[in-house]
Amino acid sequence: MNDSVPTVPDVIRVEGVTKVYHMGSQTVHALRGIDLTVKRGEMIAVMGHSGSGKSTLMNMLGCLDVPTAGTYFLDGVRVNGLTKNQLADLRNQKLGFVFQGFNLLARTSALENVELPLLYDRSGKKRDTRAMAQRSLERVGLGKRVDHHPSELSGGQQQRVAIARALVTEPTVLLADEPTGNLDSRTSLEIMALFQELNEQGITVLIVTHEPDIACYAKRLVEVRDGHILRDEPMANRRNASEDLRELGTENASP
Amino acid sequence: MKKATLLKVATQSILKNKMRTFLTMLGIVIGVAAVIVMVAVGYGAQASIEKQIGALGTNMIMIMPGASAAGGVNQGAATFNRLTPADYEKLQRESLMLSGISPVVFTTAQAISAQGNWRTRINGVSTDYQTIRDWPVDQGSFFTEADLRSNRKVAVLGTTVAKNLFPNGDAVGQQMQIRDVPFTVLGVLRSKGQNAGGQDSDDIIIIPFTTAQGRLSGRQRVGQIIASASSPNDVPAAQEEIRGILRESHRLGDGEDDDFTIRNQDEIAAAASSTTKVMTLLLAAIASISLLVGGIGIMNIMLVSVTERTREIGIRMAIGARGSDVLTQFLVESVAISMLGGLIGVIIGFGGAWLVGHLTGWSTVTPPEAVFIAVAFSAAVGVFFGFYPARQAASLNPIQALRYE
């Protein structure tokens, strides 16, 4: 297929990816040649206005969609040409999704929500799914809320459950699509602090957002416009969410 | 996905919409219950007919005049009545395989006693009739060889006739008249109830055939000859023997067809039970239509459910569910609904069969395999009608499913 696959693969390697949609007689070029490499341990913010192609890019990176042209390697696996089932297995094993709307199953406890990806695992290695889900929830600070249903949790807590669900399979990369879009600013900070903490533990994080306030917590900024990558550079003034949270706390404390 | 998890997911989803699940299930419940009640009624009819055929007699062989299914032009049974008392005598003399043989001379007449009168069938027979038909007397006695030989005017009554002619009780020893001929009642037969054709077997008077020919019908022909073989295994051989003797008696050449018909009890039973089998099938088929309607109900609700849970399907797919996982999940759900409905339907069907039997007095028989078939069938309905919605779910595009509001 491609001889240039490195021995220690990049988490994500996208080369010349384009995506063309046909909507009736109209042809939409959502992506017009994207090159992107993500190394292990990076924390990247993908920014762009609506219609810039960032959602398409996200779907592509999340193996929910396949490129029209170009190649995409996820953790050394060539994604182009895989069957639907192979894509599903890849999502299960290598990707963790965090959505804007949390997307938890209602009337299902936090623990069972987190356990869900393990139930679709076909490698047969993940036996003690309950304990793994429990540990994952502890990791996001919800060890005591395992039996709560989404409706009994706050937005921030629901997003933490979603992050725990994304983490439980020990994915190669965490893909977060507007993870703070439905949260107030304080809870957003808490979630970003959690992402930063996880990133420090070595987890690769890719966040799609249109808010500069959120993007500034990433290490690297990728800006997409009209299906091209406009900017790809290290974050100039990277902020620390925990510190911002503490400041916010003192501001609130002072009358 | 593990089986236990699949069941749990299905249970959760079923319990989430209790009312809806119940109404969906109702279609299957009614369908299965209807099939079981109908089959029970059909089987009950079959069982009672078999019992009635069994009551005809033991290892019975019937010889009727006329050809039944000869080649060429079929004249139909009894076209030419060529059975005679001579045939009977020849059979009685020459046959080795028969344990009993009796002619039957049919006539219908008004019987009059001091207490009442009654129009009924009168059969002139020989003394063997009792053993062939397996029909003992309850009161008094049957007539004897001596009665037969000397054309005595004696009669044995069926219980219906006895009740109508002698409503005040004991008929034995009483006098009665048939076509102005005085008869003495010797005995009353044990009640046999309805026969396979729905006729009252007990509405009959039995007299010696010699008397019937001499005093009542005046004809020399015999309506029928009945015989019984020594054992059930001997029936076919006995039939062949009878055929040989009768062909000789009627002087039929090699190329000529039989001018008589021989039937055994099993053939009669088969004919009767095939009729009820068709009836049972018909009833079950009509009842299955409601099962079909129930299945369509399941399909409808599953389609609604798939639409409602589009987002859930999207989530499941995003985190790694394959299309087959989603398909299985929805199939398990529809099969669970239909099988549960099937089980409830079985219980209600049993209750319904009992109730129908209780209210109408029909005998109902619920065969145990009907339970198995009903549940298996409802599961099949679940698979069949659940497949299309489940496939719809499995073929959803995860991106669009996640975006679905």
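How many bridges join strand S9 of chain A to strand S10 of chain A? In this predicted model, strand S9 (residues 220-225) and strand S10 (residues 228-234) of chain A are joined by six bridges and run antiparallel. Within this pair, Arg231(A) of S10(A) stands opposite Glu223(A). The hairpin of S9(A) and S10(A) has two residues between the strands, and Asp226(A) takes a positive phi near 50° there.

**The open sheet of chain A**

Chain A also holds an open sheet of four strands, with antiparallel pairing and the order S2-S1-S4-S5. Strand S2 (26-38) and strand S5 (77-78) of chain A each have a single partner strand and stand at the edges, so one side of each is left without a neighbour in the sheet. Strand S1 (residues 12-23) of chain A runs antiparallel to S2(A) and is joined to S2(A) by 10 bridges. Val14(A) has Leu36(A) as its bridge partner in S2(A).

**Helices of chain A**

Helix H5 (residues 155-167) of chain A has 13 residues. From its first C-alpha to its last, H5(A) reaches 18 Å, close to the 18 Å expected at 1.5 Å a residue. Of the 13 residues of H5(A), 12 are buried, so this helix is largely enclosed by the rest of the structure. Among the buried residues are Gly156(A), Arg160(A), Val161(A), Ile163(A), Arg165(A) and Leu167(A). The elements against which the buried residues of H5(A) pack are strand S6 (95-98), helix H3 (110-119), helix H4 (129-139), strand S7 (173-177) and helix H6 (185-200) of chain A.

Helix H2 (residues 84-94) of chain A has buried residues as well, including Leu87(A), Ala88(A), Arg91(A) and Lys94(A). Their cover includes strand S4 (69-74), S6 and H3 of chain A, together with H10 of chain B.

**The contact between the chains**

Contact between the two chains involves 18 residues of chain B and 18 residues of chain A. On the side of chain B that touches chain A, helix H1 (3-16), helix H10 (310-318), helix H11 (323-360) and helix H13 (398-403) of chain B each supply at least two residues. H10(B) gives the most to this side, with four residues. By class, this side of chain B has nine nonpolar, four polar and five charged residues.

**Nonpolar cores and domains**

In soluble globular proteins, nonpolar side chains tend to be buried together. The largest nonpolar core here has 129 residues, of which Val46(A), Leu206(A), Val35(B) and Ile36(B) touch the most other members. Helix H2 (residues 18-54) of chain B provides the largest share of this core, 18 residues. Apart from residues up to four places away in sequence, Val35(B) touches Ala284(B), Ala287(B), Ser288(B), Leu291(B) and Ala374(B). A second, separate core of 50 residues includes Tyr129(B), Val156(B), Phe166(B) and Ala171(B).

The domain assignment of chain B gives domain 1 (3-52 + 271-403) and domain 2 (83-223). Between the C-alpha centres of these two domains of chain B, the distance is 56 Å.

**Individual residues**

Gly349(B) lies in helix H11 of chain B. With 28 other C-beta atoms within 10 Å, Gly349(B) is buried. Leaving aside residues up to four places away in sequence, Gly349(B) touches Val32(B), Ala33(B), Ile36(B) and Val37(B). Gly349(B) and Gly124(B) are 225 residues apart in sequence and 48 Å apart in space, C-alpha to C-alpha.

Two residues that are not glycine, Asn103(A) and Asp134(B), take a positive phi.

Key
Residues numbered from 1 in each chain as written. Chains lettered and ligands numbered in written order. Predicted model: local features only at pLDDT ≥ 70, side-chain atom pairs only at ≥ 80, totals over all residues. Pairing = 2+ DSSP bridges. Contact = placed C-beta atoms within 7 Å. Nonpolar A, V, L, I, M, F, W, Y, C, P; charged D, E, K, R; others polar. Expected span 1.5 Å × (residues − 1). Buried ≥ 20, exposed ≤ 12 C-beta atoms within 10 Å, placed from the backbone. Core = buried A, V, L, I, M, F, W, Y, C linked by C-beta atoms within 7 Å. Domains from an automatic or database assignment.
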